[in-house]
Amino acid sequence: MKNILYKSFYAVACASIVFACKPKFEDQPAASAGSANFATYVAVGNSITAGYADGALYREGQESSYAKLLADQLKLAGGGEFKIPYVSPTTQGVGAPFVGPSGLVFPGPFVLAYVTDCKGVTSLGPKATAGDPTAFASVASQGLFNSIAVPGAKAIHVPFQGYGDDTHPIGTYNPFFSRFASDKAGASMLSDAMLKNPTFFSLFIGNNDVLLYALAGGPFSNNSITPTANFNASIDIILDSLTKHGAKGVIANIPDITSIPHFTTVPYYGLVVPDAPTAAYINAQLKANYPTVDSVNRTVYVGPNRFFVEDASVTPGGIRKMNPGELVLLSVPQDSIKCYGLGSFVPFKGQHFLNASEVADIKTHTADYNTKLQSAAIARDLAFVDANAFLKSAISGLTFNGVKVSSTFVSGGAFSLDGVHLTPLGNALLANEFIKSINAKFGATIPQVDPTKYRGVKFPN
Amino acid sequence: MKKLFILLIAASPALSFAQGFQVNLQGQKQQSMGGTGTGLAIDEASVFFNPGAVSHLEKNGVSVGVSPTIGNSTFQLDNSTSQARTTSPVSTPFTLYGVYGKAESNWKFGLGVYTPFGSTIQWEDGWSGKYQLTKLKLLSVFIQPTVSYKINDKIGIGAGFVYGIGDIDLRRDLPTPFPNGDPGKAKLTGSASGIGFNAGIYLKPTEKLSIGLAYRSQVNMKVNNGKAEFTVPSSLSSGFPETKFTSSLPLPQTISLGVGFKPTEKLLLSAEVNFIGWSAYKSLDFDYEKNTAQLQDTHSERNYKDAFAYRIGAQYAATEKLSVRAGFALQMTPVQEGYVTPEVPDANRQTYTVGLGYKFTEKFTVDASFTLEDFERRSNFNKEAQFGGTYKTIIAIPGLSLSYNF
């Protein structure tokens with residue numbers, strides 16, 4: 001009896017420890033595509049879809065773009081290969097080239113680093129790096145790509161033939177498209193997307209139709225806001241083509257860019273005067289520079305003050321203080337503000353900020369575009385991602401899996417160091433918005449991305 | 001030695017802190033009978049289960065026991081393919097009891113040193129809940145001097161003073177990536193202490209029937225000098241200074257009512273119900289001595305509710321020397337929907353127990369038990385962390401004790 005008991009006791013103990021002690025979930029439902037077919041997924045979009053981050057296109061950003069993360073999840077439900085025009089894993093990447101004082105500049109990704117300002121104060125901030133122009137080297141020989149995502153592309157550019165034609169002068173073609181267009185002179189983003197014969201597509205476009213204008217501080221470049229009629233026509237052309245062979249898809253509306261960190265980090269009352277001597281100095285300078293302005297309108301006090309801006313409509317003097325609702329761009333040189341009177345006795349120029357009518361213009365067009373995007377989704381029976389609402393929730397502070405993210409620049413975790421594009425973490429959260437919409441629309445059961453696997457802004461050691 | 005059986009209840013209130021991994025391991029005999037002990041007077045573990053029963057113990061004795069606890073949890077993140085398992089090390093709650101009283105006296109004195117909770121839950125690296133918890137190690141030891149008075153052959157009363165000491169080691173990842181993308185880490189360690197008491201009454205109206213009623217007070221375990229350390233990129237180190245913290249956890253009061261019944265000389269049946277005052281656990285707060293923009297005091301709602309446990313057990317004296325035991329318990333979770341956390345992936349549990357005792361000599365006895373706690377699979381969306389998923393936990397606990405009676 002004793003022996004038997006010992007044996008059975010031993011057996012129970014072992015069985016429990018070896019097997020039962022490792023609980024398993026065996027009845028996981030398989031991912032299904034519902035009524036959609038993800039065999040060939042093509043993503044059409046701009047820098048966000050490309051995974052552009054920290055002001056540049058670089059490998060890690062591409063690998064964690066929402067489109068790539070979405071494609072990885074679609075593979076669980078019958079999705080095929082998702083080919084991306086990757087830059088080399090060894091390059092630091094490159095941002096949109098621009099013409100600087102000494103010629104063409106190829107910026108690299110911002111990194112968070114200690115930056116010593118003009119006053120000798122060292123603090124943590126985004127630091128510009130040099131980019132690698134060879135990242136623009138063509139990868140078109142790799143074949144057709146599923147990711148037709150071109151930084152800088154507006155909706156009106158998508159059907160534009162020759163958008164990557166680099167035989168044209170700088171500034172009249174897009175080098176981010178040249179590097180992978182199947183035919184630089186003959187292809188448009190849309191035609192390259194169609195060469196892939198997509199069975200499923202995502203379209204996230206339209207941001208740049210207002211954003212490029214906003215980044216320029218308003219009408220100070222050749223990037224005007226796309227007229228709504230042109231935007232609407234482009235969307236119809238794009239969707240007519242993408243759905244021509246019965247492909248299903250998902251489209252996203254665009255966020256209200258006036259609430260992203262690039263425009264909200266520097267407040268309109270950010271002219272901080274530390275002490276009375278500084279106030280006296282600034283006031284003396286203002287008086288000297290703008291003697292005709294009533295002293296009430298050109299006096300600063302110790303503490304936060306509203307920035308001064310140039311405004312030709314104000315007489316006399318042509319300057320005024322910024323008003324609530326007007327936005328200072330993150331790209332305004334901080335050293336100039338701190339040490340050289342920018343925003344105080346050297347008032348902001350038009351390209352440094354968005355005035356009330358520019359902000360209103362941006363908001364109106366954003367709303368118009370979004371009306372079009374949503375009605376197009378309904379009319380064409382597409383899944384619809386309310387990216388605007390998503391960004392709003394990320395801005396007000398969003399908690400998931402024990403992490404709080406917000407739009408707070410750098411520490412918020414969702415926005416990368418350019419204040420416009422998302423971090424891998426932000427991309428993971430956005431990918432889940434796409435997945436939720438696709439699942440709801442097509443009765444699919446695509447598993448979501450686990451956002452805790454993706455990082456926010458990296459901090460230097 | 002004559003067998004005297006006392007119903008011992010196991011739902012020690014004390015267990016609280018890591019309730020999820022709270023297991024009631026205060027006596028091998030009682031443990032193998034489903035955790036019943038309040039209505040029994042079978043051995044020195046009555047010091048824990050019912051001080052009133054101590055005076056009815058036939059002999060003086062000392063015993064020492066250990067219950068290696070092997071807990072495993074699996075987690076499935078909602079709407080995802082992400083799964084995670086715990087990689088918790090085996091924890092080893094122990095017991096040490098002594099009971100002494102002169103044969104002619106109605107007084108008996110006892111001392112118990114035991115581990116009301118002592119477990120480690122550790123989740124695998126990089127799991128989905130890493131920003132909430134990666135590891136929680138709790139160790140507590142209660143020291144309980146006890147007196148018991150036998151009013152007559154039918155009634156015994158007793159009480160004990162509880163001094164609890166404990167250690168906590170809590171770790172989580174921080175969403176502050178290093179240049180290589182690795183997360184930051186927080187480590188909170190500290191010692192806690194608290195005091196309480198237990199008291200009980202033991203009735204033996206007939207030779208066949210025994211009844212026990214026991215109360216264990218709440219013990220507030222306070223961490224006064226905790227140390228918070230952070231491993232973050234150096235550019236953030238000023239935001240995450242090493243600092244002291246304070247925190248506290250209520251180990252809830254418990255009321256237990258148990259009965260023992262001997263239909264024959266060889267068979268003992270026991271049953272018991274525990275009421276555990278978990279509603280005292282309202283929140284888990286950490287108060288850091290130094291606060292920064294990044295390091296704020298935390299207040300996390302727990303909102304436990306009072307819970308019951310139901311237990312039955314049996315012992316059969318197969319031979320003069322060998323006893324076999326079995327039991328079953330149903331423990332209801334105090335954790336409400338929306339409040340399940342990775343530190344305590346709790347759920348209602350069914351507990352199956354078996355055990356045996358062998359009396360090598362008149363004075364020397366070995367008892368062994370095996371307990372399997374099978375948690376109900378539980379899906380929960382944690383409100384605070386916005387973290388949804390399904391937990392499944394199984395705990396296996398072999399145990400062994402040695403007793404010397406005189």
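Which residues does A:Leu286 touch, not counting residues up to four places away in sequence? A:Leu286 touches A:Pro291, A:Arg298, A:Val300, A:Phe308, A:Ile319, A:Ser344 and A:Phe345, where contact means heavy atoms within 4.5 Å. This is a predicted model, in which local features need pLDDT of at least 70 and side-chain atom pairs count only at pLDDT 80 or more, while totals for chains, interfaces and linings use all residues; side-chain values use heavy atoms, with hydrogens and water left out. Residues are numbered from 1 along each chain as its sequence is written, and chains are lettered from A and ligands numbered from 1 in the order in which they are written.

- A:Leu286 sits in helix α10 (residues 276-289) of chain A; helices (H or I, at least four residues) and strands (E, at least two) are DSSP runs, numbered from the N terminus.
- With 0% relative accessibility, A:Leu286 counts as buried (buried means under 20% relative accessible area, exposed over 50%, partly exposed in between, with a 1.4 Å probe and protein chains only).
- From C-alpha to C-alpha, A:Leu286 and A:Val300 are 9.3 Å apart in space, and they are 14 residues apart in sequence.

**A buried helix in chain A**

- Helix α4 (residues 66-74) of chain A has eight of its nine residues buried, so it is largely enclosed by the rest of the structure.
- Among the buried residues of α4(A) are A:Tyr66, A:Lys68, A:Leu70 and A:Gln73.
- The elements of chain A against which the buried residues of α4(A) pack are β1 (41-45), α2 (47-50), α3 (59-63), β7 (200-204) and α14 (424-442).

**Helix α12 and its partners in chain A**

- Helix α8 (residues 228-242) and helix α12 (residues 356-379) of chain A have axes that come within 10 Å and cross at roughly 25°. That makes α8(A) roughly parallel to α12(A) (angles under 35 degrees count as roughly parallel, over 145 as roughly antiparallel, 65 to 115 as roughly perpendicular and the rest as oblique).
- The residues making this contact include A:Phe231, A:Ile235 and A:Leu239 of α8(A) and A:Tyr369, A:Leu373 and A:Ala376 of α12(A).
- Helix α7 (residues 207-215) of chain A packs with α12(A) at an angle of about 170°, the axes being 10 Å apart. The two helices, α7(A) and α12(A), are therefore roughly antiparallel to each other.
- On the α7(A) side, A:Asp209, A:Val210, A:Tyr213 and A:Ala214 meet residues of α12(A) that include A:Glu358, A:His365 and A:Tyr369.

**Backbone features**

- The peptide bond from A:Thr315 to A:Pro316 is cis, with omega near -5°. A:Pro316 is placed in the loop between β11 (308-310) and β12 (319-321) of chain A.
- A:Asn197 is not a glycine, yet has a positive phi of about 50°. The loop between α6 (189-195) and β7 of chain A holds A:Asn197.
- B:Asn303, also not a glycine, has a positive phi of about 50°. B:Asn303 lies in the loop between β16 (298-301) and β17 (307-317) of chain B, and is partly exposed, with a relative accessible area of 22%.

**Chain B as a whole**

- Chain B contains three helices and 22 strands.
- The C-alpha atoms of chain B fill a box of roughly 70 × 40 × 35 Å along the principal axes.
- Of the 406 residues of chain B, 61% count as buried.
- Among contacts in chain B with a separation of 6 or more, 70% are between residues 24 or more positions apart.

Key:
Axes are lines fitted to C-alpha atoms, for helices over the stretch in contact, and angles run from 0 to 180 degrees between N-to-C directions.
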